[in-house]
Each structure stands twice: as C-alpha cells, then as structure tokens.
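Subject: Structure handover

Hello,

Here is the structure you asked for, with notes on what was found in it. Please read the notes with the model open.

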Amino acid sequence: MEEANLLVLVFLALIFFISIITNLLLLIFTIKIYKRELASNFYISGICLADMLSATFGIIPEFIVNYRPDFIDDSNLLCISAGLITLAFCIVTINLFGILAFVQALAIIKPFVYRRYFTQALNNILIVLAVIIYGLFWAVLPYSMNSKYVPDLDGRRCSLDWKDKDMKYYIIACTVIGLFVPVGTQIISLFKSRRQLMKRKNEAHAKRILGYEKFYIKISTIIVTVFLMVWTPYTVVGFMIVFGYYPSKIAFTVCAMSAKLATLCNPVVYYCYSQRFKRFVRQILTLKWCDPDDDLQLKRTSVERQTSITSTMCAVIANAGVYLPTIPESQGDSPQIVKNTNFKENGNGLVED
C-alpha cells in the first residue's frame with residue numbers, strides 16, 4: 001500500500017471515531033442537561049445526528065473504497081453512497097443551523113409566535129425530518145438529470161460529475177439554495193435578534209439575557225464560519241473543474257479531506273466555548289458520571305431565594321411569554337423559555353398560582 005493512500009486511510013479513521021464520539025457526547029449533553037423541550041435542543045440534536053450519519057454512511061464507504069481501489073467505480077454502491085450521503089447531510093447540517101438561528105431570533109422578536117408554533121415537540125421533530133428529506137432530495141436529484149456520482153479527479157471517492165456540462169446549473173443552484181440561503185438566513189436572524197435586544201438593553205429582563213445572547217451570537221457565528229472554511233476549498237476546486245480548470249490531484253485530495261472535518265465543527269466549537277459542555281466531557285473522561293447541573297444547585301437555590309422588585313417584574317414578563325434564561329451563566333449556559341405561569345398577589349408579593 002502506497003504511503004499517500006495509508007495517510008488517507010488513517011485520516012478517515014481518525015475523523016470517523018472522533019466525530020462519532022464528540023457528537024454523541026454533545027447529543028447526550030443536550031438531552032441530559034436541557035431536559036425541557038426547547039426548540040433549540042431539537043435542532044442541536046438534529047445537527048449531531050446528521051454529523052454522525054454523515055460519518056457512518058459517508059466516511060466508512062469512502063474508507064473501504066480507498067482500501068480497495070477496485071471498488072472505486074460509478075457502478076459500485078459503496079462508492080455512490082459515500083458521495084450521496086456526504087452531500088445530503090452537508091445540506092442538512094447547514095440548513096439546520098439556519099433554522100436554529102431563525103427560531104432563536106423569533107423567540108426574541110415575536111415571542112408569542114414562537115410559543116404558538118415552536119414549543120411543541122412534534123412540530124420541531126417534523127421540521128428536522130423535513131430538512132433531512134430536503135437534503136436527500138438535492139442529493140438524488142442528479143439521477144433525474146441523466147447524471148450520476150462518478151470517481152473524483154484524484155480517484156479516491158465518488159462525487160458529483162463535475163465534468164458534465166449539463167450539471168453546471170444544478171451545481172450552481174445547489175450551492176446557492178443549499179448553502180448561501182441558509183447562511184444568509186442565519187446572518188439576518190442573528191443581526192435582527194441582536195438589534196432587538198439592544199433596543200431593550202435598559203430593561204431589566206433584557207439585561208438578563210444580553211450576556212448570553214452575546215455568547216450565542218459568537219458561538220453560532222464561529223460554528224458556521226468554521227463549517228464554511230472546511231467546505232469552501234472542495235467547493236472551489238469543484239467549480240474550477242466545472243469551468244474547465246483542473247487542479248493537481250494532490251491539491252484536490254487535500255481539499256476533499258478538509259471537507260471531512262465538517263462533522264467535527266459543532267462539538268469541537270461547543271467544547272472550546274461552552275464551560276458546561278467542557279465540564280461534562282471532563283467528567284465523562286474521568287469516569288465521574290454525574291449531572292453537570294449538580295454543582296450549580298447551591299447557586300440556583302441562592303438565586304431563587306433572592307426576591308426583589310426586579311425578579312418579580314421578570315416573572316410577570318415571563319408570564320407574557322418573553323424569552324428568558326432560567327439560570328444565566330457567564331459562558332456556556334443554554335437559553336431557556338420560561339413557561340406560561342399564572343401569578344396571584346398575597347401579603348408577601350406575587351406568588352405562583
């Protein structure tokens with residue numbers, strides 16, 4: 001086995017195992033820590049599942065066809081599935097990021113609309129499933145255009161037939177609709193949610209969430225930026241082939257391998273910027289399985305005991321459906337939606353009915 005091929009196999013194996021482990025940890029963290037049915041939890045979980053499916057059904061077939069070069073053929077099911085699944089779940093992941101940003105902005109700008117349509121678990125599950133079907137639709141569309149997945153320029157995987165002139169408009173449409181539209185949606189949503197918070201920055205309840213919103217905007221922007229960075233080189237060399245310019249095989253292989261890092265973007269960035277997720281991972285690695293919220297119980301009790309005019313006003317605002325975090329933390333906390341609760345007045349102030 002030649003040295004270059006061995007390096008590709010080792011790289012694919014490492015990406016597969018790291019992607020499965022890190023995304024599984026983030027999925028468990030999301031389900032275990034944030035037990036309430038928040039819309040963001042469903043989309044973060046959907047992204048984790050998409051990355052794990054992409055690693056399982058995209059990287060494993062590519063590993064096999066690189067180990068057995070005679071499998072690299074446009075009639076081989078393994079070769080075809082690797083290219084199809086990789087494209088499908090790339091589109092799924094970036095669209096889920098766009099929807100996540102849109103839903104978070106809606107919770108801030110139009111809280112009553114959010115409560116009506118996005119607080120039901122079934123609605124969010126159906127949206128995630130619809131995005132998966134949407135990604136698969138774009139991935140199988142080439143077959144309706146008398147095209148197919150063929151060996152890449154370097155002969156190490158199957159992907160879209162970049163050389164087919166009839167595929168030019170499909171590739172452009174797939175890039176614009178499947179990539180630029182969700183990225184544009186996320187940028188607009190983050191901008192509008194930020195602007196809405198700045199308008200209310202002097203209100204007590206807005207101050208409580210402004211700190212976390214800065215964290216949310218930062219982490220979302222970093223994840224999508226890294227995702228685009230690892231996919232852009234492969235997209236650029238693909239477009240070069242579409243328009244008749246052929247890069248070297250080594251350059252094409254490096255660009256294709258960088259795209260495999262996309263399955264690591266979400267968990268790695270979360271680990272770097274979320275203190276709670278970092279603490280959770282360290283507990284798992286040191287075999288100290290416990291709820292990362294346990295060390296926050298004293299803090300939670302202390303906060304709950306401090307009854308003031310500000311906290312009472314925040315409770316009244318929460319009753320109207322305003323987007324509030326339950327326990328704000330400087331970094332790594334998750335936004336929470338305070339459920340609609342009725343309050344009545346007694347001699348000690350407002351209490352829950």
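**Confidence and overall make-up**

The protein has a mean pLDDT (the predictor's confidence in each residue, from 0 to 100) of 75, and 73% of its residues reach 70 or more. This is a predicted model, in which local features need pLDDT of at least 70 and side-chain atom pairs count only at pLDDT 80 or more, while totals for chains, interfaces and linings use all residues. Residues are numbered from 1 along each chain as its sequence is written, and side-chain values use heavy atoms, with hydrogens and water left out.

There are 12 helices and 4 strands; these are DSSP runs numbered from the N terminus, helices being H or I of at least four residues and strands E of at least two. Over residues 291–353 pLDDT stays under 50.

Of the 353 residues, 48% are buried, meaning under 20% relative accessible area, with exposed over 50% and partly exposed in between (1.4 Å probe, protein chains only).

**Helix α3**

Helix α3 covers residues 77–109, and its end C-alpha atoms are 47 Å apart. In α3, 27 of the 33 residues are buried.

F89 is found in this helix and counts as buried because its relative accessibility is 8%. Beyond its neighbours within four places in sequence, F89 is in contact (heavy atoms within 4.5 Å) with A50, L53, S54 and I132. F89 and I132 are 43 residues apart in sequence, yet their C-alpha atoms are 7.4 Å apart.

**Salt bridges**

Side chains of opposite charge can pair when their charged atoms come close. Taking a salt bridge as a side-chain nitrogen of Lys or Arg within 4 Å of a carboxyl oxygen of Asp or Glu, the count comes to 4.

R157 pairs with E62, with the closest N and O atoms 3.1 Å apart. R157 lies in the loop between β1 (149–151) and β2 (158–160) and E62 in helix α2 (residues 39–67), so the pair ties together parts 95 residues apart in sequence.

E62 also forms a salt bridge with K260 (2.5 Å, N to O). K260 sits in the loop between α8 (249–259) and α9 (265–273), 198 residues from E62. Both K260 and E62 are buried.

D154 and R157 meet in another salt bridge (2.9 Å, N to O), and both are buried. Through shared partners, salt bridges join E62, D152, D154, R157 and K260 into one network.

Regards

How values were computed: The expected span of a helix is 1.5 Å times one less than its number of residues.
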